[in-house]
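Welcome! Let's learn to read a protein model together, one question at a time.

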Amino acid sequence: MPVYSVIVPCYNEEPVLRETHKRLTAVLSAMDGDYEIVYVNDGSRDHTPDILNDLAAHDPCVRAVHFARNAGHQMAVTAGLDYATGDAIVIIDADLQDPPEIIPEMAAKWRAGAQVVYGQRNRRAGESAFKKFTAFAYYRLLRAMTSTDIPADTGDFRLVDRQVADVVRRMPEHARFLRGMFAWVGFRQEAVRYDRDKRFAGETHYPLKKMLKLALDGMLSFSDKLLKLLSVLGIGMLAISGLGLLALLILLCCGVQAGAWWLAALMVLCTGTVTTGLGILGAYISRIYDETRARPLYIVGETRGFPADFTPFRR
């Protein structure tokens, strides 16, 4: 029989955790194999750690990993991959926007030969028009900017085969964009379409600032087109500057006093282009710096529910 692992990253999920566990248990207990649920507490400041410890104490299928400090959603999922032992590994958020009841359909596709089964959203309930539009635009921009075929309208909700998980585990980069990493490794990938629900309780832990950071990580990790764009912008600015200077010279020859306004505008335009280019270069260099420091991706404070002889994956 197969063993299923479900990874649930948690950050201040006190209002929803017990309902999440109830629904996950109902789904997994009806499936065709054994299971474990690996909850990763990403430095929560509410009673999430206490609830997870209680679940681990009363349910032998529960594993709890507690970070020593908040490391972010992508690092929490990474830790879940390192601690999961299943033949098929499901990644799902704790807020119940991605319904656990989709997991059996994912498992059926996995048993039929798919090695990555990702959830692809039809509709997104409970989200603002602004968030829906920006998500729609971002995924299509990302596909246009990268050579990796990252499916549109797809988050981290997915089932992956252990072979795929082992490949991703060996990818050590710090600026992690897991949905892109799973797409990059290849293997046979299929979609399960579903309607995303509104959050069951509590507030979102992915405000605009974090969404923009995740979007930037995806763009910089899977595309060098921004760097190539700098060359195009530089050539364009040189051309515009040359035309502007030529126009000023012609006006001067015709006796027209254009003043310094045109020249000032061209200088501001060129300076803005150079500054933008330096910012893009700085973003890439910052990622190089993060990798050379070789700090651990996350720090585990304690674990609950694992066998005494259990050893997680180590990089």
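The dialogue below goes through strands, crossovers and helices in this predicted model.

Q: How many bridges join strand 1 to strand 2, and do the two run parallel or antiparallel?
A: Strands count as paired if at least two bridges are found between them. Here strand 1 (residues 3-10) and strand 2 are joined by 8 bridges and run parallel. To find the pairing on screen, look for Val3, which stands opposite Asp34 in strand 2.

Q: Through which helix does the chain cross from strand 1 to strand 2?
A: The path goes through helix 1 (residues 17-28), and this β-α-β crossover is right-handed.

Q: Which strand is joined to strand 2 by 5 bridges?
A: That is strand 3 (residues 62-67), and strands 2 and 3 run parallel. Ile37 has Val62 in strand 3 as its bridge partner. The chain gets from strand 2 to strand 3 through helix 2 (residues 48-58), again in a right-handed β-α-β crossover.

Q: How many residues of helix 3 are buried?
A: A residue is called buried when its relative accessible area is under 20%. In helix 3 (residues 73-83), 11 of 11 residues are buried, including His73, Asp82 and Tyr83. Strand 2 (residues 34-41) is mostly covered too, with 7 of its 8 residues buried.

Q: Which residues of helix 6 are buried?
A: In helix 6 (residues 162-169) they are Val164, Ala165, Val168 and Arg169. These residues lie on the same side of helix 6 because they cover an arc of only 140 degrees around the axis.

Q: Which residue caps the N-terminal end of helix 6?
A: Asp161 does, with a side-chain oxygen 2.9 Å from the backbone nitrogen of Gln163.

Definitions and conventions: Residues numbered from 1 in each chain as written. Predicted model: local features only at pLDDT ≥ 70, side-chain atom pairs only at ≥ 80, totals over all residues. Heavy atoms only, no water. Buried < 20%, exposed > 50% of the residue type's maximum accessible area, 1.4 Å probe, protein only. Helix = DSSP H or I, 4+ residues; strand = E, 2+ residues; numbered from the N terminus. Right-handed = clockwise from strand over helix to strand, strands pointing away. Arc of directions from axis to C-beta. Polar contact = N/O pair within 3.5 Å; in protein donor to acceptor, adjacent residues only side chain to side chain.
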